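Q: Could you walk me through this one? I'd like to start with a strand pairing and then go on to the helices.

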Amino acid sequence: MTARILSIANCKGGTGKTTSAVNLAAELGARGYRVLVVDLDPQGHSGLGLGVMARLGSPNAHTPLLRPGARLDGAVQATDEDNVWLVPADRGFDGQLGTSDIRCFANALTPLCHVYDLVLIDVPPAAAALTVCALMASDGVVIPTTLDPLGLEGVRQFARSYHDTMLRFRAAPLGLAIAPMRIDLRTNVERETLGTLRTAFGPGQMVRGVRTDVAVSEAFALRQPVRRIRPRARATEDFSGLADDLVQRFGIDCVAAFAEPAYGRTEGFSRGVSWR
């Protein structure tokens, strides 16, 4: 078996992409899934959320986009979360690709796919070239969104861009999962937006989301996933439910836990396995 690769993407910023990447990785890692987070956003926030930064002069998530044929295995760093590794971003990346090969990122990930159960790609907003490279490497896309008119437009815009990309490059369609973030259904606008999403994309495209919870920002300030500092927080519960939905939606198997780890620390592999 090889890893499932999921892009976490949206055309709009501030929708919870990085928060989702960090907290889903921690949740699934605690269950025994071996998870690799690839921080493709030059802001490097997934690395910040997991307490890991790129080593000076070392390969990083953007290296294959700059040097054709470059690999990612030398860029993998361990985190303090059980079964979670990170390929950090190049925070100096200026958006200019050094290759025209849209499958350069997919090719760089291929040698790692037998090592992990899941690869999560944190895709930056409004970066068309990076988004295309991420989509060409992915088995599915998670679209975090806020429940407001701008969030709804962001999902629509991304869906159009996604379908255009798949048609243009004659790629097989990927599964989509729309995940509402910072939910507060006491407001009319959020209830109306959620209803519009379900009508426009169908309830089958929706997965469980995450309610508003100050614990999320508190955890990020400490550079840790929310489950580590607030295990009983409602956001921790919600990310667990979202993880359940994604495992089922994308058929993520926990089989690599039986293999010898190739990178980073090893002690986490004997703990936290959940047979679901």
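Q: Which residue in S7 stands opposite Pro144?
A: Ala179 stands opposite Pro144, and the strands S6 (residues 140-146) and S7 run parallel, joined by seven bridges. Strands here are DSSP runs (E, at least two residues; helices are H or I, at least four), numbered from the N terminus, and two strands pair if DSSP finds at least two bridges between them.

Q: Before I go on, what sort of model is this?
A: This is a predicted model, in which local features need pLDDT of at least 70 and side-chain atom pairs count only at pLDDT 80 or more, while totals for chains, interfaces and linings use all residues. Residues are numbered from 1 along each chain as its sequence is written, and side-chain values use heavy atoms, with hydrogens and water left out.

Q: OK, and what's the strand order in the sheet?
A: The open sheet has seven strands in the order S3-S4-S2-S5-S1-S6-S7, with mixed pairing, and its edge strands, S3 (77-78) and S7 (175-181), each pair on one side only.

Q: Switching to helices, which strands does H6 lie across?
A: H6 (residues 149-168) lies across S6 and S7, at about 160 degrees to S6; axes are lines fitted to C-alpha atoms, for helices over the stretch in contact, and angles run from 0 to 180 degrees between N-to-C directions.

Q: And how do H5 and H6 cross?
A: The axes of H5 (residues 128-137) and H6 come within 11 Å and cross at roughly 65 degrees.

Q: Which residues make that contact?
A: Thr131, Val132, Leu135 and Met136 come from H5, and Phe158, Tyr162, Thr165 and Met166 from H6, where contact means heavy atoms within 4.5 Å.
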